[in-house]
2 protein chains.
Amino acid sequence: MDWLVNKIEPPDSAFLIKALDKQQQLTKPLGSLGLLEEIAVRLAAMQKTENPSINQIWVSIFAADHGISEESVSAFPQIVTTEMVKNFVNSGAAINVLSRYIKADFEVIDVGLIAAIDVEGVISERAGNGTENFAKQAAMTTGQMQSALATGKAAVERAVNHRAHLFIGGEMGIANTTSASAIAVVLTGMTVEQLTGTGTGIDSRAVEHKANVIKRAISLHQNFLINPLNVLQYLGGFEIAALVGAYVFSAQRGLPIVVDGFISTTAALLAVKINPEIQSWLIYAHCSEEKGHKFILDYLDARPLLYLNMRLGEGSGAVTAVPLIQMACKLQSEMATFQQAKITTKKEKGNK
Amino acid sequence: MDWLVNKIEPPDSAFLIKALDKQQQLTKPLGSLGLLEEIAVRLAAMQKTENPSINQIWVSIFAADHGISEESVSAFPQIVTTEMVKNFVNSGAAINVLSRYIKADFEVIDVGLIAAIDVEGVISERAGNGTENFAKQAAMTTGQMQSALATGKAAVERAVNHRAHLFIGGEMGIANTTSASAIAVVLTGMTVEQLTGTGTGIDSRAVEHKANVIKRAISLHQNFLINPLNVLQYLGGFEIAALVGAYVFSAQRGLPIVVDGFISTTAALLAVKINPEIQSWLIYAHCSEEKGHKFILDYLDARPLLYLNMRLGEGSGAVTAVPLIQMACKLQSEMATFQQAKITTKKEKGNK
């Protein structure tokens, strides 16, 4: 897993400055496009151009099962992970509708469903038959983690080969908010209560039970939770590991990443803990309704684009933010300058 | 102006219920698409269908000048209104770039620039050579208000004739936040300080001056500010009156409206005060950076879609929200149901 620590170049600050300078000349009060200006200028630096553009978007959905689901932490039974994978390849899920809207390239990867499925259109890179129940033992072996990280890397390789301008990773895995909450607690030092929510929709009694399962698991493994990769191995999921691998490699390849919801942001947190420079390649799409998400976003000093009370995962929030990112780039690239449009600039002080 | 009080039919609650029922069957945890579900269900009721769709969008930009600008309340000189109108017809402004992105029909209407301009592509329906300085006298005559309201109505007539699915009104008018703040103060009973902000970018000393101008004007006219139309006549602008006329008529014709920023929301406030049923036809696009906007939105019990710190006007925030509205409709219309996708529904209680 040496590749994880390969160097990441920061976005090009010379183009950041050029893009900022251009923003000042566009026919609008400075700063009046708010976050859209910030996104455009960041993408200018990432793409090394004054006029960034986002045409082709790559969406990889990583699906895997979680041993922890036997602790009754989710509102849905484990089989739903597999059923939703079939829904993805049959184009019936929310992420399919949204990906079609933005004309994204779309793929689904089985990183470790409970059992292999023979369905055309699913990429099979299985690290195992679901993870182990991390309330009882490590979620995965080092070898399994290595495999799942490489699966994420391979997805980004495909995205780069297809000349994608943005990488979006989505996830599906019944019980994966339990895994993500446990990881985030250890990495941020926040409380289990802060970071444990209702997931796909459990009641308050069940949230309390879920929190107790997480506390028990962290306590069981505490001596082994030394570094980010240990935390991933003991408490993680295969799809979370794949997202981590994807984010690390995408940043290494200079491909901007749009981060989705609670699970994806936890993967981003892991990736940033592995290499802080990854942060400069991340665009946070939204703040979800899942309780812990806003705390992790704050911890990462992230200001997401959308606040729509979404809590679906699958990459759905990230894809929903793509039109805003595209519009931000088009504004930066296509608006007239004050000079071109012959518009009087702001009054000088004292001239009012 | 009798047409202003013509009956407005509410959206069809039978289709609202059908659409809500369909939402419960789609392959996602109930409520997990957050505001996108709410928007889809509302549009289902507005369009009288279980499967709403938004293809064609109509954008009308109303431009006019304000006598109040001679009180030095804006960061930009008055001539910029005219210069920006030229920028609109030359496709150089933010609203042009954004309207192209969503493939909207786009038009610019001179409702009363300081002087007529001979520029191809501008619809000329001038209520006057700018309003009067409302710190000294009524902003407009009854006849001028009537004319500007009719200009808004006529724009919606064109939108309906072109089979638009959404109406968006934008505005341009140097000093129009001063007018909007004054109107909102009178209609909501909030303080001038709460509702007076930096507009296109004045400093704190200038904001204080602007607030004093507003206080003086409200005090001058207080005996005449009896009903919403009086408030519009004494404190308004021609483009604000046009927006009011457009919103009223759009609701009367059952054409959903996307409301932009501070000025547009103030026009929506006026329209709702004229006929409360208009509210059910309004989709609030965003909460802008202009200080008073969030207070007016709260007063209207509105939860906008976007929080992007935008503060440009021109309809820019409204157009930016359109892809979200389109995606909401596509999710409602195109997602598979649990039954279609053969997916196990949520566990029964006690079955965990």
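Is Asp65(A) buried or exposed? The exercises below start from this residue.

The model is predicted: local features need pLDDT of at least 70 and side-chain atom pairs count only at pLDDT 80 or more, while totals for chains, interfaces and linings use all residues. Residues are numbered from 1 along each chain as its sequence is written, chains are lettered from A and ligands numbered from 1 in the order in which they are written, and side-chain values use heavy atoms, with hydrogens and water left out.

**Exercise 1. Describe the surroundings of Asp65(A).**

Solution. 
- Step 1. Asp65(A) is buried, with a relative accessible area of 0%. Buried means under 20% relative accessible area, exposed over 50%, and partly exposed in between (1.4 Å probe, protein chains only).
- Step 2. Asp65(A) sits in the loop between strand E1 (57-64) and helix H3 (79-89) of chain A. Helices (H or I, at least four residues) and strands (E, at least two) are DSSP runs, numbered from the N terminus.
- Step 3. Not counting residues up to four places away in sequence, Asp65(A) touches Gln78(A), Thr81(A), Thr82(A), Gly112(A), Leu113(A), Ile114(A), Gly130(A) and Thr131(A). Contact means heavy atoms within 4.5 Å.
- Step 4. From Asp65(A) to Arg311(A) there are 246 residues in sequence and 19 Å in space, C-alpha to C-alpha.

**Exercise 2. State how chain B is related to chain A.**

Solution. 
- Step 1. Two copies of a chain are related by a rotation about an axis and a shift along it.
- Step 2. Here a rotation of 180 degrees with 0.0 Å of shift along its axis places chain B on chain A, at RMSD 0.0 Å.

**Exercise 3. Find the aromatic pairs and classify two of them.**

Solution. 
- Step 1. Rings of Phe, Tyr and Trp (its six-membered ring) pair if their centres lie within 6.5 Å; planes under 30 degrees apart count as stacked, over 60 as edge-to-face and the rest as tilted.
- Step 2. Over all chains this rule gives five aromatic pairs.
- Step 3. For Tyr307(A) and Tyr307(B) the ring centres are 6.4 Å apart and the planes are at 80 degrees, so this pair is edge-to-face.
- Step 4. The pair crosses between chains: Tyr307(A) is in the loop between helix H12 (293-299) and H13 of chain A, and Tyr307(B) is in the loop between helix H12 (293-299) and H13 of chain B.
- Step 5. Tyr307(A) is partly exposed at 28% relative accessible area, and Tyr307(B) is partly exposed at 27%.
- Step 6. For Trp3(B) and Phe249(B) the centres are 6.2 Å apart and the planes are at 80 degrees, so this pair is also edge-to-face.
- Step 7. Trp3(B) lies in the segment before helix H1 (13-25) of chain B and Phe249(B) in helix H10 (residues 238-252) of chain B, so the pair ties together parts 246 residues apart in sequence.
- Step 8. Trp3(B) is buried, with a relative accessible area of 17%, and Phe249(B) is buried, with 9%.

**Exercise 4. Explain how far helix H4 of chain B is enclosed.**

Solution. 
- Step 1. Seven of the eight residues of helix H4 (residues 94-101) of chain B are buried, so this helix is largely enclosed by the rest of the structure.
- Step 2. The buried residues are Ala94(B), Ile95(B), Asn96(B), Val97(B), Leu98(B), Ser99(B) and Tyr101(B).
- Step 3. Their cover includes H13 of chain A, together with strand E1 (57-64), helix H3 (79-89), strand E2 (105-112) and H13 of chain B.
- Step 4. After H4(B) comes Lys103(B), with a positive phi near 55 degrees.

How values were computed. Copies are superposed by least squares on the C-alpha atoms of residues with pLDDT of at least 70 in both.
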